Amino acid sequence: MTDTAHDPTAAGEAPDGARCPFGYDELPDPVPLFGPEYKSDPYPLYRQMRAAGPVHRVTFPSGVGAWLVTGYKAAHEALNDPRLGKNHALGNDGWRRLASIMPEPQHSQLQVHLLHQDPPKHTTMRKLVLDAFSPRRVESLRPRIQELADALVDELPPTAPAGGSDLVAGFAAHYPFRVLAEVIGLPQELAVKFDRDWGKVVQPVGPQDPGRPAYEGRLHGLQAYIAEVVAHKRATHDPAGPDVDLLGRLVAACDAGELSPEELDSMVFQLLVAGQEPVTNQITTMLITLLRHPEQLDRLRTSLDPETPTAEPGLLTRAIEELLRYDGAFELTTWRFFAADSDLHGTTVPAGDSVIVSLGAANRDEEQFTDTDVLDFDRSPNAHLAFGHGIHFCPGAALARAELQIAIGTLLTRLPGLRPSVADDERIDALAWVPAVLARGVNRLPVAYDRRI
């Protein structure tokens, strides 16, 4: 990387122009990607980074460094670059020493899933899950997903209490898991045993972090739960039956030698954790965006009323896509590695150093999207990268879209007058964003509303 890569004047920016509110006018090298200011609004920093160049050295709370790809074109190319592998075995000793990854033996037992595989193994494993998440199957499940959403809203207070009603605790924390259990075939007697706290294992901490023991405790609990799920499916599923669910098919694939026991446990891990936490976070980011844009919220709510002359039947679908672009919950991709020293948009990246693509920065690129910082439900085309691209494009994208459409539509129609809480310590701008390295979201979202329909 050249010495001018982080010089704002080198990108044509006047030195006496508008200043970044977080002090990012002159980018450090490496750029720290953590802290409450960054997590609450990373987009000013991403704007500065895009202006300075497509590749930047960054550092994370554990001390591990990475090369961050910003800009839509550069991100699209990196996501489709066959030189970049996902297998952690490609990481060098410097990355492995500090990276916030699982300790052994759990890393070898739970981290050999789709996100960390390369072809041909990735191709084989991906085929096992595609049918369960196909658009056709998801469409057939919409009535059931709607029932699950309505059941949770039924449990909310009839009117919001004075301090606000927390839509994370009352809705977003539970809805994706209940949907997921239906989709993958997790029986109710096991579903009720799942501890949502285990989902925090997707927010790993470094080896030196004081929170490491608590993290490892969650990991052990989740691993024991996965073993119980696999044992139950092995004992009860009928491979020749007419209604073999996804979990049953994965167990059968393992018994047939298509998956190793570690790969089976890893895929169940990915389904249970990656299949719900991002949706929970995305519901919160979408609601926060809507609450900060009351005119857009009112337009969307009105569009959902079929008796209103200004109803717009297709607006919800477009709105969800724009909300995904505007503030996606999966902010950064997981690690990628070059097997040899390689050029990445003019920067030499050493073999085994981690490369991360900023989906959030790409989705706000001025060269790809007009008025990129404007929330525009009529944006077309809207080829955002919220679900990635290439061979690692999220296999559950169709399900996530359906979940989000139903969740947002249900909350807006059944909670008229939905608005931010007015309590001083519960204001939207005062909310604490989760400190997860790769994700965006909040653990609390207090709101007010007129009544529950």
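This report describes a sheet, a helix, a pocket and several aromatic pairs in one predicted model.

## Basis of the report

The model is predicted, and local features need pLDDT of at least 70, side-chain atom pairs count only at pLDDT 80 or more, and totals for chains, interfaces and linings use all residues. Residues are numbered from 1 along each chain as its sequence is written, and side-chain values use heavy atoms, with hydrogens and water left out.

## The sheet

Six strands form an open sheet in the order E1-E2-E3-E9-E6-E4, with mixed pairing. E1 and strand E4 (84-85) stand at the edges with a single partner strand each, so one side of each has no neighbour in the sheet. Strands (E, at least two residues) and helices (H or I, at least four) are DSSP runs, numbered from the N terminus; two strands pair if DSSP finds at least two bridges between them.

Strand E2 (residues 55-59) has four of its five residues buried, where buried means under 20% relative accessible area, exposed over 50% and partly exposed in between, with a 1.4 Å probe and protein chains only. With strand E1 (residues 31-32), E2 pairs in the parallel sense over two bridges, and proline 32 stands opposite threonine 59. With strand E3 (residues 65-69), E2 pairs in the antiparallel sense over five bridges; here threonine 59 stands opposite glycine 65. E2 and E3 form a hairpin with five residues between them, and glycine 63 in the turn has a positive phi of about 95°.

## Helix H18

Helix H18 (residues 397-414) has 18 residues and spans 25 Å from its first C-alpha to its last, close to the expected 26 Å. The expected span is 1.5 Å times one less than the number of residues. H18 is mostly covered, with 15 of its 18 residues buried.

## The largest pocket

The largest pocket holds about 340 Å³ of space. On a 1 Å grid over the protein atoms alone, a pocket is an open set of points where a 1.4 Å probe fits, with protein on both sides within 12 Å along at least five of seven lines; lining residues have an atom within 4 Å of a point. The volume is the space filled by probe spheres set on the points, which are joined across faces, edges and corners.

The lining has 16 residues, and His174, Phe177, Arg178, Gln188 and Ala191 lie nearest the centre. Helices H7 (135-154), H9 (175-184) and H10 (188-191) each supply at least two lining residues, and the largest share, four residues, comes from H9.

## Aromatic pairs

The whole structure contains 12 aromatic pairs. Rings of Phe, Tyr and Trp (its six-membered ring) pair if their centres lie within 6.5 Å; planes under 30 degrees apart count as stacked, over 60 as edge-to-face and the rest as tilted. Tryptophan 95 and phenylalanine 337 form an edge-to-face pair, 4.8 Å centre to centre with 75° between the planes. Tryptophan 95 lies in helix H4 (residues 93-98) and phenylalanine 337 in strand E6 (residues 336-338), so the pair ties together parts that are 242 residues apart in sequence. Both residues are buried.

The rings of phenylalanine 194 and tryptophan 198 have centres 5.5 Å apart and planes at 90°, so this pair is edge-to-face. Phenylalanine 194 is buried at 11% relative accessible area, and tryptophan 198 is buried at 14%. Phe60, Trp95, Trp335 and Phe337 form one aromatic cluster.
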